[in-house]
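Hi there,

Here is the structure I promised to pass on to you.

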Amino acid sequence: MCLFLAANDCDGGHDLLAKVKENSLMGTFIATLSFTAHPSANHMRLKLSGKDADWFYLEGRTIRLNSTLTKIIDREIHGSLLTATVRCYEHKVLQAEHRIMVEVLNENDNKPEFLQSSVHPLLLSELTAVNSVVFTAQATDADRDTLTYVIDETSPDARYFRVDLPNSGKVILNKPLDYEIKTQLRLILYAVETNTDEHYNTTATIIINVTDGDDQYPQFQPCTLLSANHNNRICANSLYTANITENEQDIVLDFFPGPIQAVDGDEGLRTPVKYTILSGADNGRFVIDSNSGEVRLTRRVENRLLIPTLRLRVMAAQTDDPLKYAIATVLVRVLAENRFPPQFNRSTYQGFVSASTSPASLIMTYGNKLLILEATDQDFTDGFNPRMQYSLNSQHNSSRLFYITQEGLLIAKTSWLHPGHKYFLEVLATDLESGDIVKALLHVEALQKGHPD
C-alpha cells in the first residue's frame, strides 16, 4: 500500500505497543501510527514487514487485524506476542522504521484435559495402607488456569478415596481394601478451573483393579462363617467324621463332609497347603497324604467296645508361610461289622383308628391289637438293633397326621383325621451305624365313631 506525503511526513513516528484479544474478528483495531502527516499526494509509502506482518493490514495510518474464518489468532498456538515492522518511504527512499509489538490477550477458550497417563487403569494391592497416595492425577489447561481436583461423591466407590490437597491431584486411600469383597473400583474425578468465571471442568473415570494380598488363612471346606461379617472371614472349627468297622485296615477313610480339604482364604492367590496330623495318629494307625489330605487306616481296631471312637487333629498350613494354618477335628467311629441290612417282617402293614375328638390315638390292627412296626437285624443274635431309628417319609402328605415312636408304635392325630378316609404312609427303619435303610408301606383307615371292631 502506498501513500504520498509532503516532505518530512515520515517524521513523528515511534515504536508501538498494542493489545488484541485472541479470537478477535477480521478488521479489529490494533493501533494508529503517529506520523506527522495524513496520507496525501503520492510521495510517501508505508509498508509492513516482519515475522507476524501477515496478521495485520494498513488502512491509512490505522493498523487492523488480518484474520479470517479459517485463520484465527490463538494465543495458545501463535504465542502471546506478535511483532512486525512498519517502514516509511518517501520517493522510494526509506526515511523511518518502527517496531510494532502486539500482545495477544488470553481468553478462557480451552477446557482442562487430563493426561491419560495419569488416569489409566491401575493395580492396587488390598494390603495398601490407608492414607497412602494411590495415584496422582494430572490435568492441563492451555489457558494456564488454576485447577482443582474433586472426587464425584456420587460415584459408587467414592468412599474408598479422598483428595486432601485439591490442587495437588493426589488421591488418597480412605478405607481398607478387601479383594475377597471387591476386586474392582471405579472412581470419577473432576479437574475444575477455579480462577475463571466459566469454571470449565473435565471428567475422568479411573478403574482400580484390586489385587489379592496374603492376608487370609487356610480354610477347611465347607467353611461355616462364625459371623455374617464378611470383613472378618473366620471359619468355625471344621469337624469331619468317618465310620470304620472292626478288623478293617489299609483303607482310605471316607469322610463327611468330605473329602478333607483346605484352601487358601486368598481367592486370588490360592497358595497350596500341606496337611499334617497334629495328634491322634495313634502310633501310625492313621497316616495322611501331605498334598491331598487323604487319610489312610493302616492298622485295624480289634475291639470297638474298648475303642469306640478315635479323634484326630489335622493341620493345613500354607507352603510359603507355615505360620498361616488352620486346624480341623477328625472323628472316626468304630462300628460293628455290618453284614446284613435291617428287614421288616412284611412289605405292607394295615391298621385302623376310630374317629375321636381325642388329640392322639394308637393305631390298631384289624385283630384289635396294637400295631407295632419292627425291623430286625441279623447282625444281632436276637435280631434287635439298639441303633435302629424309625421315621415316616415326609414326602407323603399324610405323614404330618401321624407320629412313630422309636419302639415302632404308630400314633395318629385323631382330631385331624376324616372318618371313612384311608391314609397311605411309608415307614423308614435306619441303621444309625451302617446307614442302611429299609422301607415298608402302611395303610391306615379312619373308622366312623362307634364303628364295631
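Let's begin with a cysteine: Cys-10 is buried, with a relative accessible area of 5%. Buried means under 20% relative accessible area, exposed means over 50%, and partly exposed is in between (1.4 Å probe, protein chains only). Before going on, please note that this is a predicted model, in which local features need pLDDT of at least 70 and side-chain atom pairs count only at pLDDT 80 or more, while totals for chains, interfaces and linings use all residues. Residues are numbered from 1 along each chain as its sequence is written, and side-chain values use heavy atoms, with hydrogens and water left out.

Which residue is the partner of Cys-10 in a disulfide? Cys-88 is, and the two sulfur atoms are 1.9 Å apart; a disulfide here is a pair of cysteine sulfur atoms within 2.5 Å. Cys-10 lies in the segment before strand S1 (16-21) and Cys-88 in strand S6 (residues 81-90), so the link ties together parts that are 78 residues apart in sequence. Strands (E, at least two residues) and helices (H or I, at least four) are DSSP runs, numbered from the N terminus. Cys-88 is buried too, at 0% relative accessible area. The link is left-handed, with -75° about the S-S bond, and the count of disulfides comes to one.

Leaving out residues up to four places away in sequence, Ile-30 touches Ala-18, Val-20, Phe-56, Ile-63, Arg-64, Leu-65 and Val-102, where contact means heavy atoms within 4.5 Å.

Now for a lysine. Is Lys-324 buried or exposed? Lys-324 counts as buried, at 14% relative accessibility. You will find Lys-324 in the loop between strand S24 (309-318) and strand S25 (325-335). Not counting residues up to four places away in sequence, its contacts include Asp-214, Tyr-217 and Pro-218.

Finally, some backbone details. Most residues other than glycine have a negative phi, and most peptide bonds are trans. The peptide bond from Gln-221 to Pro-222 is cis, with omega near -5°, and Pro-222 sits in the loop between strand S17 (218-220) and strand S18 (239-245). The bond from Phe-256 to Pro-257 is also cis, with omega near -15°; Pro-257 is in the loop between strand S19 (251-252) and strand S20 (262-264).

Asn-131 has a positive phi, near 80°, and belongs to the loop between strand S9 (122-125) and strand S10 (133-136). Asn-247 has a positive phi near 75° and lies in the loop between S18 and S19. Asn-247 is partly exposed, with a relative accessible area of 46%.

Happy exploring!
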